[in-house]
Amino acid sequence: MRKTENLDGIWNFTFCETCEPGKLPGSIRYDSSMPVPGCFDVMTPWFGRRGTGFFRRLVHTGGLVQLAVDGLGIEAEIFWDGRSVGKCPYAYMPEKFVFDSGERGDHELVIAVSNQFNQVVFPFYDFYAFGGIFGSVTLQELPEDRIEWVRITTLDYKTGKISLRIRTGRSFRKAENLEIRIDGKTVATVPFSGREQDVQLKVPRFRLWSPESPNLHRLEVLLKNDSFEDDFGIRQIEVRGQKLLLNGKPLRLVGYNRHESHPQFGAATPPSLMAADLQMLKDQGANFIRGSHYPQRESFLKLCDRLGVLVWEEILGWDVKPPELFSPGFLQRQKDQAVRLASAHYNHPCIIIWGFMNETESQLPRVRSIIRSVRESYRKIDTSRPVTYASNKYEKDVCMDLVDLVAMNPYPGWYDGDINELSGIHRIEPRLKALAAAIPRDKPYMISEIGASAIYGEHDPWRARWSEEYQAELAKEVCRVVLNDPRYCGLCFWHFSDAKSYLGGGRVMGYNDKGFLDRYRRPKMAWDAVKQLLKKGMM
Ligand code: ADA
């Protein structure tokens, strides 16, 4: 077992409006404290302020180490004893840094996190750009010969056959013994040479992973003085014609888009809140979360693995328009993020779809090569999961043939028709039918977003837009149309709970109010309406 230290806790902190994250000021007075994980801009005195937050603590260690940061925002630079050891260039992305920490003793770790708006990393999206460290920070002391990663893939769910791709920190010229244990028992000892090797084996007494029975197995790989450990699930996700299959059976995804967002925690939501969210989801009878619109925390994915919640995970890149969309830097960043995300979260059985470029300009033929190349970046790492993007170009989309599964974000009854009309519910069925008819017949098709705003506690005998009644009616009508039609492999409402955005674009109090729960997770009428339908077996 590697020595791992979880560095979460209370760190020294100071905030500087004019500082850049890449430059550590000569002398810093840490005049405050912040928890890690924690967002500084959701608490006084830094509410809504933009600048650089310097998080600092001492760490007792020495030699070769790996520092892991499970997501932060917007971007950061990491300093060890005053020298830069790496950058976090992508908001929310888990990152790992390997470096020589020096002589054993106390060392100073500073994470300089900027939440300054940045046209490239995080422009104005319809979700708030929080500032802080969103996930755990851990430090491992690395042995000289180490296992860098192991990717676990189910090859055959019927026989429990899996493959392990094992990668080491250096190349071994002379073969070394590699021991593989599953659930505490040695199942194979194989010679390992070179730097990367595939091992195939059958898991003894395996139990399949599924939403109904989320069985996990424990893998340990031992090489010289190092060991790698992870949980995995035996399950296969496949696209066959219009069907999405899990372990050979057609899947019916029903769930929500979910932001990591809470008035008091920002994007640094604690695992207990994540667990409460997921328990509510399961209690409703739903089985699916689209992690909109960025990489998810390790703790969230672990909970989904254990609770049997299926996940669409995606990289950041929301509604990006030209000229940004056609800049070489944008494509490079998308490709890089796809590779990093698929590599970091490969072993989570809960993840069944990789996504990218929400609501891009997929009506333009010129975008085809961009979509193809981001898709290929995912596939370079992982060919076991379908890859897609959520489109709002509908019938005009010219890229649907490039993805494994077509996903659309239509908003009938909300963003269409005359806003002065009392209700738009009657438009839902004809619109969804027309759209479904335009989707290629040879692919699975899902609704990746649909919904309406509702202010928590607003009731109206007219059932007018923005009332809880209107949202509930819309949700019921969508369920009636989509869940009764085998053409759809999934329905994912926009969205789980109200999430912080900005005041522009009809966002009352700066919140996107299309949550089926409010920002404190109090259910609106739509939540119970869907729950009743799902309990009646409408799935
Ligand atoms: C889009 C977008 C979401 C959200 C939604 C809305 O579909 O993908 O992030 O902004 O619209 O509420 O309008």
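Q: How do α6 and α7 pack, what angle and what axis distance?
A: In this predicted model, helix α6 (residues 468–483) and helix α7 (residues 525–535) pack at about 25 degrees, with axes 7 Å apart. Axes are lines fitted to C-alpha atoms, for helices over the stretch in contact, and angles run from 0 to 180 degrees between N-to-C directions. Helices are DSSP runs (H or I, at least four residues), as are strands (E, at least two), numbered from the N terminus.

Q: Parallel or antiparallel, roughly?
A: That angle makes α6 roughly parallel to α7 (under 35 degrees; over 145 is roughly antiparallel, 65 to 115 roughly perpendicular, the rest oblique).

Q: And α5 against α6, what's the crossing angle?
A: Roughly 40 degrees, with the axes of α5 (residues 428–437) and α6 coming within 10 Å. That makes α5 oblique to α6.

Q: Left- or right-handed, for α5 and α6?
A: Right-handed, and the crossing of α6 and α7 is right-handed too. Right-handed means the near helix is turned clockwise from the far one by less than a right angle, left-handed anticlockwise.

Q: Switching to pockets: how much space is in the second largest pocket?
A: About 340 Å³. A pocket is an open set of points on a 1 Å grid over the protein atoms alone, where a 1.4 Å probe fits, with protein on both sides within 12 Å along at least five of seven lines. Points join across faces, edges and corners, and the volume is the space filled by probe spheres set on them.

Q: Which residues are closest to its centre?
A: S210, P211, E212, L246 and L251, out of 15 lining residues (an atom within 4 Å of a point).

Q: Which domains does the lining draw on?
A: Domain 2 (147–235) and domain 3 (238–535) each give at least three residues; the bounds come from an automatic or database assignment.

Q: Backbone next. Where's P45, and is its bond from T44 cis or trans?
A: The T44 to P45 bond is cis, omega near 10 degrees, and P45 is in the loop between β4 (38–39) and β5 (52–61).

Q: What about S292 to H293?
A: Also a cis peptide bond, with omega near 0 degrees. H293 sits in the loop between β23 (288–291) and α2 (298–307).

Q: What are the ground rules here?
A: Residues are numbered from 1 along each chain as its sequence is written. Local features need pLDDT of at least 70 and side-chain atom pairs 80 or more, while totals for chains, interfaces and linings use all residues, and side-chain values use heavy atoms, leaving out hydrogens and water.
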